[in-house]
Amino acid sequence: MTHTEEKQPSLLKQPSSVWAIAFACMVSFMGIGLVDPILPAISRALEATQSQTMLLFTSYLFITGIAMFFTSWVSGKIGVKKTLIIGLVLIVAFAALAGASSSVNQILGFRAGWGLGNALFISTALAAIVGAASGGSSQAIVLYEAALGIGMAVGPLVGGVLGTLSWRGPFFGTAVLMAIALVAIIGFLKLPKDAPAPAKVSISASFKALRNPALLALSITALFYNFGFFVLLAYTPFPLEAAAKAVGLEFGATELGYVFFGWGLALALTSVFVAPPATRKFGLRPVLFTMLGALTVLLGLMAVFHDQLTALIVLVIVAGLVLGVMNTSLTEAVMEATGLPRNVASSTYSGVRFLGGAIAPAVAGPLAAAAGPASPYWLGAAAVLVAIVVLALAGHQLSHIGKAHETPEEIGEDVLVGDA
């Protein structure tokens, strides 16, 4: 251990502003999987079809994706703290309105507003926590990783527990938690006076960035990969419920919450502890190809065993292990592939990626109704195969990302900037 490391402040000894941001980050990431366990309950309570209910992901992700193209411009204009506060206010308001809704169409509209708030908040949170944390960027990165992982894992669990009371429970619960985070941010977030201001960028910077061949190729790869990702996340609660019913079991919000808690925990663990050493040892492109191939196989197996409860649960959790490595490795690849400013590259990539996630639920429901419950998984597997083909065709533009040359700390920072 070096002298510098010995003097580094404890990870837990952080200013109150850091804990306020970390708590808000955790709740924000919870919002991604929060509605998953209550989709069937919403469908029954509001007499909505599976297709209509899955659009809760589409409206949220579509607006999040579009907004991501402009978030770096917004934060450069009004500053980090104001961007965080506006994002949190929007999340609180629209989560509460979603809980008070009387129809699926109302929830769809309010989820869109929620997505806008989430885009503004997530895109700025890492910069804020880095600026406020003691111990340098490495300490901030660990805290942000912890918040992300806990949020992704706990979201479905909280959704399942609150969903047993009412399908409205997760929405109101999120609004309350985010309101607490908002008060904490307003009261405790004080960025250092010497903290660098967000870089000012053109409003069209993210669109111009797509002219970069490497970024375009990786963004298209992410679009098709995210299609498969959200087929799994948004559609699977319905086959799980049907498979349980076929064997005489009741599979409600609590049981779905446990399954997707296992999925989220697996995703969080591999994204933090498996992906960085794997990419250092084998290189980025081999890891990307391996994980995309594994996801294709898993989606195919889910199509075959969609009516087998135990098999489907196991496949969902195993898929979480693969998705965690894939998310981290793909984001790292984006950060390495171009000489563009990191905030521009990450917002561009995130915008395209979320659009892929938005399309999947909109397609999966009608396809299942028309072609059977296995068909969305087959389409998801086909989409991931397209991602593999795109990645292979872009090999000459991405050859420089195949070598591991960054330290673990630098890789972690790249990944978190990209996730933000």
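E47 is an exposed residue, with a relative accessible area of 74%. In this predicted model, E47 sits in the loop that links α3 (39-45) to α4 (50-68). Although E47 is not a glycine, its phi is positive, at about 55 degrees.

The secondary structure of the protein chain consists of 19 helices and zero strands. The chain has 420 residues, of which 57% are buried. Of the contacts in the chain between residues at least 6 apart in sequence, 87% join residues that are at least 24 apart. The largest nonpolar core contains 129 residues. Within this core, the residues with the most contacts are I42, F121, F171 and W263.

When neighbours within four places in sequence are set aside, W263 is in contact with M152, F229, L232, L233, V316, I317, G320 and L323. W263 also belongs to the contact between α13 and α15, as do V316, I317, G320 and L323 on the α15 side.

Helix α13 covers residues 253-282 and helix α15 covers residues 309-337; their axes come within 7 Å and cross at roughly 40 degrees. On the α13 side the contact is made by V259, F260, G262, W263, A266, L267, T270, S271, V274, A275 and T279. The α15 side contributes I313, V316, I317, G320, L321, L323, G324, V325, N327, T328, S329 and E332. By class, the residues of this contact comprise 13 nonpolar, nine polar and one charged.

One of the α13 residues in this contact is S271, which lies in helix α13. Is S271 buried or exposed? S271 has a relative accessibility of 12% and counts as buried, because the cut-off for burial is under 20%. Not counting residues up to four places away in sequence, S271 touches P276, G324, V325 and T328.

Helix α15 also packs against helix α14 (residues 284-304), at an angle of about 150 degrees and with the axes 9 Å apart. Angles over 145 degrees count as roughly antiparallel, and α14 and α15 are therefore roughly antiparallel to each other. The crossing of these two helices is left-handed. Their contact has 21 nonpolar, one polar and two charged residues.

A further pair is formed by helix α11 (residues 213-235) and helix α17 (residues 375-393), whose axes are 8 Å apart and which pack at an angle of about 160 degrees. By the cut-off of 145 degrees, α11 and α17 are therefore roughly antiparallel to each other. α11 passes α17 in a left-handed crossing. From α11, the residues A217, L218, I220, T221, F224, Y225, F227, G228, V231 and Y235 take part. They meet P376, Y377, L379, G380, A383, V384, V386, A387, V390 and L391 of α17. This contact has 17 nonpolar and three polar residues, and no charged residues.

Notes
Residues are numbered from 1 along each chain as its sequence is written. This is a predicted model: local features need pLDDT of at least 70, side-chain atom pairs count only at pLDDT 80 or more; totals for chains, interfaces and linings use all residues. Side-chain values use heavy atoms; hydrogens and water are left out. Axes are lines fitted to C-alpha atoms, for helices over the stretch in contact, and angles run from 0 to 180 degrees between N-to-C directions. Helices (H or I, at least four residues) and strands (E, at least two) are DSSP runs, numbered from the N terminus. Contact means heavy atoms within 4.5 Å. Ala, Val, Leu, Ile, Met, Phe, Trp, Tyr, Cys and Pro count as nonpolar, Asp, Glu, Lys and Arg as charged, and the others, Gly among them, as polar. A nonpolar core is a set of buried Ala, Val, Leu, Ile, Met, Phe, Trp, Tyr and Cys residues joined through side-chain atoms within 4.5 Å. Buried means under 20% relative accessible area, exposed over 50%, partly exposed in between (1.4 Å probe, protein chains only). Angles under 35 degrees count as roughly parallel, over 145 as roughly antiparallel, 65 to 115 as roughly perpendicular and the rest as oblique. A crossing is left-handed if the near helix is turned anticlockwise from the far one by less than a right angle, and right-handed if clockwise.
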